[in-house]
Amino acid sequence: MSTVPLENTKPLLPSVGGDGPEERPALQKRVRQRLTSRTATAAAVIIAVIWTIPTFGLLVSSFRPEDNIKGNGWWNVLTDRQFTLENYADVLSPGGSQSPNLLSYFVNSLAIVIPGTIFTLVLGSMAAYMFAWGRFKGKDGLFIVVFALQIVPLQMALIPLLQLFTQVLKIGDFQLLPSGTYAQLWVAHTIFGLPLAIFLLHNFIAEIPGEVIEAARVDGAGHSTIFWRIIIPLATPALASFGIFQFLWLWNDLLVALVFSGGGADVAPITQRLAEIQGSRGGEWQRLTAGAFVSIIVPLAVFFGLQRYFVRGLLAGGLKG
């Protein structure tokens with residue numbers, strides 16, 4: 001059993017919401033009224049339309065012939081209804097520089113994003129649990145440091161982190177994290193995602209009733225049992241919300257992939273191949289639109305599949321009663 005005592009603490013940084021439980025029902029009512037008003041509904045519809053139009057145009061363009069795409073806008077499909085599947089055949093068929101073969105890069109992206117998201121969630125939730133319920137010297141100052149790491153630009157850490165992988169983490173000629181492997185990308189994405197993960201998950205985990213954890217402690221449960229049997233099930237909405245964000249960030253990432261993938265095609269994600277599909281002069285729009293639409297299938301499926309957890313997780317920190 002762990003010897004680190006538990007501490008029923010409040011969030012180290014102020015959370016959104018009222019000062020006490022008696023104010024939360026009123027806060028919930030005010031937020032619900034504002035979100036369901038006609039003005040809010042109209043604004044939501046307008047925003048949804050603005051965000052949907054470019055995606056719809058991308059979809060239409062991906063089925064148009066090359067001459068039509070380069071000759072006029074996608075809205076001309078209303079008068080010039082010519083469609084083709086050749087664009088998708090080009091990007092999905094294997095072999096050759098003229099056939100980008102996105103399927104292999106699609107698999108590479110999954111191999112990068114899924115472990116990178118899981119590692120960040122597991123390590124971030126463990127750290128958030130100890131910051132919320134653990135008692136150790138320097139906890140408050142360390143949490144402030146973790147929170148402050150969010151303001152450090154990612155670009156400033158790329159070269160030092162690459163030097164750490166190639167020069168420090170090695171035993172003789174053997175590198176612990178070889179260049180051009182998934183391991184470097186997993187570690188890099190996990191490091192960049194942990195500060196925000198710890199901060200967001202801490203605010204949710206700190207709101208879990210202390211009586212539940214103390215009761216488990218009285219029954220003889222240690223930190224590992226409390227974390228896996230109590231914290232993880234109760235924090236599922238928050239974990240799913242951050243998981244969606246982390247998955248989308250990693251799936252759409254290009255900069256970190258270019259730096260740590262080694263420049264080869266073996267571990268390159270789909271975003272790197274999309275940048276190459278445009279051609280040397282950026283004129284391969286027919287392939288780019290088809291490839292771009294293929295790349296957004298997985299993020300859309302993840303978002304709509306976890307949508308209910310996403311909304312619950314966003315509201316939980318400030319509206320839990």
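1. Two residues are in contact here when heavy atoms lie within 4.5 Å. Helices (H or I, at least four residues) are DSSP runs numbered from the N terminus. With these terms, Phe293, Val294 and Ser295 in α14 meet Ile297, Val298 and Pro299 in α15. By class, this contact of α14 with α15 has five nonpolar, one polar and no charged residues. Nonpolar covers Ala, Val, Leu, Ile, Met, Phe, Trp, Tyr, Cys and Pro, charged covers Asp, Glu, Lys and Arg, and the others, Gly among them, are polar.

2. The structure is a predicted model, in which local features need pLDDT of at least 70 and side-chain atom pairs count only at pLDDT 80 or more, while totals for chains, interfaces and linings use all residues. Residues are numbered from 1 along each chain as its sequence is written, and side-chain values use heavy atoms, with hydrogens and water left out.

3. Helix α14 (residues 285–295) and helix α15 (residues 297–305) pack at about 30°, and their axes are 4 Å apart. Axes are lines fitted to C-alpha atoms, for helices over the stretch in contact, and angles run from 0 to 180 degrees between N-to-C directions. The pair α14 and α15 is therefore roughly parallel; angles under 35 degrees count as such, over 145 as roughly antiparallel, 65 to 115 as roughly perpendicular and the rest as oblique.

4. Helix α6 (residues 139–148) packs against helix α8 (residues 182–205) at an angle of about 125°, with axes 8 Å apart. The two helices α6 and α8 are therefore oblique to each other. On the α6 side the contact is made by Phe143, Val146 and Phe147, and on the α8 side by Pro195, Ile198, Phe199 and His202. These residues divide into six nonpolar, one polar and no charged.

5. The axes of α5 and helix α13 (residues 270–277) come within 8 Å and cross at roughly 145°. Here Leu102, Tyr105, Phe106 and Ser109 of α5 meet Ile270, Arg273, Leu274 and Ile277 of α13. This contact has six nonpolar, one polar and one charged residues.

6. How many cavities of 30 Å³ or more does a search of the whole structure find? The search finds one. A cavity is a set of points, on a 1 Å grid over the protein atoms alone, where a 1.4 Å probe fits but cannot get out; lining residues have an atom within 4 Å of a point. The largest cavity has a volume of about 50 Å³, and its lining includes Ser109, His189, Trp251 and Asp253. Helix α5 (102–133) is one of the elements giving two or more residues to this lining, and α5 gives the most, with three residues.

Notes
1 Å grid on protein atoms, 1.4 Å probe; cavity = no way out; pocket = protein on both sides within 12 Å on 5 of 7 lines; lining within 4 Å. Points joined across faces, edges and corners; volume = space filled by probe spheres on them.
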